[in-house]
Amino acid sequence: MKSSTDKPTFREFIRQQWKPRQVQPPKVDPDLVQMCHVERSAEVTRYSFLSFEWWLSPNGTLREWLRLHSKLGCLLLIPALLILPLITFVIQQIAGWVTFLGGIAMHLILIPLALLLALVLGLFAFAVIRTITGK
């Protein structure tokens, strides 16, 4: 048994929102013959679309399905447009800093190696000069 403090499931939420209304069959405007060509064309196009909608779903389920999915699309699109660019910017900044830190770490490894190589070469040159001069 569910108590009043239980959260409704997604399916229950959709069932609460699902309220299809029956679509009325379209009617042609009685003043169609008195309309100018542009108005008549617009009225015929409107009647054709409404007839097609009524033929597809006279109970209004298609219209309700589109309404619910449009709401869901907006709920997903708005955060995506507002938050994803910010997240992308932060990730790019982090990637840049990681690249810089990698470069610094590489230089921190190369500098002691270069100093060690210079010391070895200096000692080698000192030994060669000492050998040549005989001291």
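Predicted model: local features only at pLDDT ≥ 70, side-chain atom pairs only at ≥ 80, totals over all residues.
## Overall fold

The protein chain contains three helices and zero strands, so that its elements read α-α-α from the N terminus. Helix 1 covers residues 10–17, helix 2 covers residues 37–56, and helix 3 covers residues 61–133.

The radius of gyration of the protein chain is 39 Å, whereas a compact globule of 135 residues would come near 14 Å. The C-alpha trace spans about 125 × 60 × 20 Å along its principal axes. Of the 135 residues in the protein chain, 7% are buried. Among contacts with a separation of 6 or more, 64% are between residues 24 or more positions apart.

## Salt bridges

How many salt bridges does the structure hold? There are three salt bridges. Side chains of opposite charge can pair when their charged atoms come close.

| Pair | N to O distance |
|---|---|
| Glu 43 and Arg 46 | 2.5 Å |
| Arg 63 and Glu 53 | 2.8 Å |
| Arg 67 and Glu 64 | 2.3 Å |

Glu 43 and Arg 46 both belong to helix 2, where they sit three residues apart, about one turn of the helix. Glu 43 has a relative accessibility of 11% and therefore counts as buried, the cut-off being under 20%.

The salt bridge between the side chains of Arg 63 and Glu 53 has an N to O distance of 2.8 Å. Glu 53 is buried, with a relative accessible area of 18%, while Arg 63 is partly exposed at 44%.

In the salt bridge of Arg 67 with Glu 64, the closest N and O atoms are 2.3 Å apart. Both residues are in helix 3, and because they are three residues apart, about one helical turn separates them. Is Glu 64 buried or exposed? Glu 64 is buried, since its relative accessible area is 4%. Arg 67, at 30% relative accessibility, counts as partly exposed.

## Largest pocket

Rolling a probe the size of a water molecule over the atoms shows where empty space is left. The largest pocket has a volume of about 250 Å³. Its lining consists of Phe 10, Phe 13, Ile 14, Gln 17, Trp 18, Trp 65, Leu 68, His 69, Lys 71, Leu 72 and Leu 75. The elements giving two or more residues to this lining are helix 1 and helix 3.

Which element gives the most to the lining of the largest pocket? Helix 3 does, with six residues. Sorted by class, the lining has eight nonpolar residues, two polar residues and one charged residue.

Arg 63 is located in helix 3. Leaving out residues up to four places away in sequence, Arg 63 touches Val 23 and Glu 53. Glu 53 is also the salt-bridge partner of Arg 63. The C-alpha atoms of Arg 63 and Gln 22 are separated by 9.6 Å, and these two residues are 41 residues apart along the chain.

Where is Arg 21 found? Arg 21 lies in the loop between helix 1 and helix 2. Arg 21 counts as exposed because its relative accessibility is 67%, and the cut-off for exposed is over 50%. Again leaving out residues up to four places away in sequence, Arg 21 touches Asn 59 and Gly 60. Arg 21 and Ile 87 are 66 residues apart along the chain, and their C-alpha atoms are separated by 41 Å.

Terms used. Residues numbered from 1 in each chain as written. Heavy atoms only, no water. Salt bridge = Lys/Arg side-chain N within 4 Å of Asp/Glu carboxyl O. Helix = DSSP H or I, 4+ residues; strand = E, 2+ residues; numbered from the N terminus. Buried < 20%, exposed > 50% of the residue type's maximum accessible area, 1.4 Å probe, protein only. 1 Å grid on protein atoms, 1.4 Å probe; cavity = no way out; pocket = protein on both sides within 12 Å on 5 of 7 lines; lining within 4 Å. Points joined across faces, edges and corners; volume = space filled by probe spheres on them. Nonpolar A, V, L, I, M, F, W, Y, C, P; charged D, E, K, R; others polar. Rg over C-alpha atoms; globule rule 2.2 N^0.38 Å. Contact = heavy atoms within 4.5 Å.
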